[in-house]
Amino acid sequence: MGNPVFVQIENSTGRQAPRYWRTLAEYRNKESLAEQSSAEFTHAIDDPSPMQVGRRTVLSYLAASAGLAGLSACTSLPEREIVPFVQQPEYLVPGKPRYYATAMQMGDRVVGLLAETHLGRPTKLEGNPSHPASLGATGIFAQAEILTLWDPDRAATVRRGRNTSTWAAFAIEAGHLRERMQRDQGRGFRLLTGAVRSPSMLATIGELLRQFPEARWHTFEAARREEPAAAGSPSSGNPPVPVYRIAAADAIVSLDADFLHGMPGSLAHAREFASRRRPSAEQPSMNRLYVAEPTPSVTGSCADHRLAARCDSIPAIAGVLREELGLPSQGPAASRGLGAEAREWVRKAAADLQRNRGRSLVIPGEFQPALVHQLANQMNAFLGNEGSTVVWADADTGGLSSEPGTLQSLVEDMEAGAVNTLLILDTNPAYSAPEAKRVAQAMEKVALRLHAGLYETETSRLCHWNLPMAHFLESWGDLRAFDGTCSIVQPTIRPLKGQKPALEILATVLGAPLMTDAEIVRNHWRREAASNRESEAAEFDLFWRRSLRDGVIRRGILFNSEVSAVGSRAPVENGPAVGRAVAPPIPSDSKIELVFRPDPTLYDGRYASNGWLQELPKPITSLTWGNAALISAGTAGRLGLESGDAVEIGLGGRSIEIPVWIVPGHAENSVVLHLGNGREKAGGGRVGVDVNPLRTWGAEWNVRGATIRKLGHQVPLAARQHHQNMENRDLIRSWTLDEALSKEKAASAALKPELLSLYPERPVRDGPQWGMSIDLSACIGCGACTIACQAENNISVVGAEEVRRGRIMHWIRLDTYFEGDPSAPGIYHQPVPCMQCENAPCEVVCPVGATAHSEEGLNQMVYNRCVGTRYCSNNCPYKVRRFNFFQYADYETGSLKGQRNPDVSVRSRGVMEKCTYCVQRIEAAKIRSKVNDQPIADGQIVTACQQVCPTEAIVFGNIADPGSKVSRAKSGSRNYTLLDELNTRPRTSYLACVRNPGNDLAELRESEGGTV
Amino acid sequence: MSQLFHPASNALSRFLIAGALCGIAVISTLAYAYFRSDYFTHRSLTQQQPIPFSHAHHVSGLGIECQYCHTTVEVSSYAGIPNTETCMSCHSQIWTNAAYLAPLRESLRTGNRLRWTRVNDLPDYVFFNHSIHIKKGIGCESCHGRVDKMPLMSKGHSLQMGWCLDCHRDPGKFIRPREEVYSMGYVPNPSQEVVGKKLVAAYDAKPKTDCYTCHR
């Protein structure tokens, strides 16, 4: 750890390395990449085309297409239909969207949502502002769920063996099953589910276990480490769950915890975190974030002090940190084995934690062992953070007496022949479990296997019955969020192909095949409301309707101060068990460690057939359509590897073949592998590499002693990072807190040369002038804006090959910049939509006037005029225009039509497109304001990217109004525009990123001494 | 060397050049005329419909207000096409056995929707909004023509972009008082020039000719 490993790759041409860079090649000033990416579209020309076209063929095609283009004018007007309702539903106004409050679950994460529907079609999901886990924002998965709903590959028919069957046949089968279970009290019956966050579902399972006392329930969540939940508390049975209040913390230490992006409540965390990252003259303070992690995560990329540490050294770091804080330790001093860099990081973190007692926070990583969680809890208790930055929420067990079993115990029972019936609800252990083959083999021993899920999966193929499950937007339900807030899940559409919700499937097994999910949920809450005296029976209807409207049925701990006071615990004394644990073994650095993590965009593989998520560049690496083994530049140099080189990773006799990808800021001798890729049975076939064969029980999350062998060939990966190369221009601006507050910096930033323009001065128009401000200090680089834009604006998916050619269609891209030494770089994110330049270079070069300026300052792109010369894209200095080289939009697949936003054109081949500032929302708001005679209030128009942003980094509004939020944002000293010197006068501007590394350690000590 | 071309070829080449120019002009004129003709735009063309519904009878004959059927015209982009039940609110009482209303009764009985053929149709890349036009005093008649005189529905105007822009560039030519929006055969008093100017100011009617106003 901490070796100066980067000597060999620095500056091979002897030129000065740029301060900010996006790819390692850029850092090294390699000519090859510079040439490659100097073309507007990389690979567009040198890519060996599958079709070898000669000159004559080209000419004849040219002539033919010119002739055919003329013919297209000869079409007559199409004849189309209007199909009115027989009986129009009340309140339904064609042409106006309706919103329904609902909620979604993914693993342990629950987010409250508002579903936008057009004539009964759900088309977009937004966050529910009154839900504590959303606060109006959503993550990438919620955005992509709408595509999953309309996915033509979803399971549609009941299948028995190889034949299609019916729900009636299943009800009969369930009847037989129930008869047998009544005889033997359910002996040998096992239910396997994912994480259950639904109170109604818990109650239904409880009912099942009461009726059949010998039946057992197991849960399996592929992307969850089981240990920490159980280890969170010394009390047995009902472990409370920590809820973090990030906004109250001045110093935060993350021990491999991706709390801004990858944890329950991360949207709320991100909002609170960012609220402390916007220093101004009025509020000059900022929080400080310390992160130790193996590979840069979203959270790590925002850190003020980031330590690239092997996953298996985190327990040791936690131990040393605890020691440094002055907690008594019984073991030997743990700090001996740590590298100098890590010791320095720990000292700084400890000093900061000490200084901010009661206002600090230590967050343990989800994939760290229970020990790290114990240590973190002790530190938080010692620092007096309990009750201020950490509160404890009760875990909801739904009144069940026993904890559900694990998959491992289920597999053991199946192998022992103790299981005769297995019902699996929407979980896929035959693909995603460690030793998945063993799970599959054990399942073969079960006499009757039933599977209910959204898709046919590796697991469903092993089952006698496959029951197509309804999507959450098609079913009733309820969900409990991270802080205990409950929401009702309400459907927005009937199941597209007669699928059934999980609750109804369970009810069928329980002998109530006619019970609907709506009844089950409503009855559950009627009982709950009665027992909690939340409402009288007569008032229940009102209570219910209010809950449906608000999307929140019961407030959680963050809204309830009494509960949080009760939830805080006394500081934990240093017990003997903990004392022994304080000195965890220091790992030797030489052995290669494998770290398994859920995929940033595919999670545990459940989204493998979702094209939006496959094509969403993964944070930091920017990889799309597939995964790679992430390694550090030092390790790569030692092994003679370049990004894209195929390697064989071996571990204990098992091996996989996978390309490597070099990540700046990655820990040495650590290989991070993402689960969820390489699924055989998903969407268009296998994408990426399944890393699961390397995992075993007991070594699910990290394991030491892997071997890496170079295979000698390259695997083409579809990374976006080198697209739209910056050519060393000064696009990113980052300051330290001191710089941000200093007057000189502000003055020098405000200093601008006088710029001349060839274009005539635009007359000043009355009426609104739209503009956008993006705060780089708040942006955490999660990518939600990109996918929200895709959902809102009907943006096509192009596929891996087209991504490799640089033809990705996203209107708002997320550029990631690195600063300084690649072994410990600063990391910055920059979302780049259209700049909507006032002097737009694209407009003057269009030969057909397909792009023009509007009175309100929008740079308009008119698809129906565009003839596809691509001059505009050539002339755009920001490279934000996207061209439909092929017919990317799917006009054929029926169900995908249902997803599309009816207010935005679906673009066809040969047409340029780009960000419009969500003009459909602007126009809708303008018309609404005129029809209702009310002026448009500031903040009433939100763009899709702004609405989804968890940190509110994006602000949109009228810059002609000096009081608007966007005008105020732009008036600050941090404001800057890209490529100022070109005088394009962008309407989109940025606020410089501010980091708060603090003073040197010595000064820190001094100030500490002063206060003590 | 003898002359390659006969002197007469001078005349021929002049004739050919002139002919080509004339040809281009003629073809352009014909094409222009064709694309603006009712034949191409389907103006005044009646379509085959499941029920031969007569606006003339219902509007001028019975005096039913436009919004009785087109309910959402003031609030939404779509004016709304009446559902089967709206028709049946009268036709369950009158003309209950009329043969040409059989598809309507069939629709109510089976729950199958009526499938009308669109008469006033815009391409998918045009986003027209009824509510704002009503609000700003543009009458139904201005776009849909004398619907009260159409026994079978047909397009009143070409609905081409140039026609839209006529009004968007100078709404004073067409704007009418809000209380006259739904009337047919409205005659401005004193003259449209005078009334138009006043109303444009009163209703703050400032239609845009930006592309994004209609194309998104």
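Let me begin with a question: in what order do the three strands of the open sheet in chain A stand? Keeping in mind that this is a predicted model, the order is β3-β4-β5 in chain A, and the strands pair in the antiparallel sense. Because β3(A), residues 98-106, and β5(A), residues 121-127, stand at the edges with a single partner strand each, one side of each has no neighbour in the sheet. From one strand to the next, the twist averages 35°.

If we now look at one of these pairings, β4(A), which runs over residues 109-118, is joined to β5(A) by six bridges in the antiparallel sense, and within β5(A) it is Leu125(A) that stands opposite Ala115(A). Helix α4(A), residues 140-150, packs on this sheet and touches β3, β4 and β5 of chain A, while its direction makes about 170° with that of β5(A).

Let me turn to the place where the chains meet. Chain A gives 33 residues to the contact, and chain B gives 35 residues. On the side of chain A that touches chain B, the elements that give two or more residues are β2(A), residues 81-82, and α29(A), residues 919-931, and the largest share, six residues, comes from α29(A). Sorted by class, that side of chain A has 16 nonpolar, nine polar and eight charged residues.

Notes: Residues numbered from 1 in each chain as written. Chains lettered and ligands numbered in written order. Predicted model: local features only at pLDDT ≥ 70, side-chain atom pairs only at ≥ 80, totals over all residues. Contact = placed C-beta atoms within 7 Å. Helix = DSSP H or I, 4+ residues; strand = E, 2+ residues; numbered from the N terminus. Nonpolar A, V, L, I, M, F, W, Y, C, P; charged D, E, K, R; others polar. Pairing = 2+ DSSP bridges. Axes fitted to C-alpha atoms, helices over the stretch in contact; angles between N-to-C directions.
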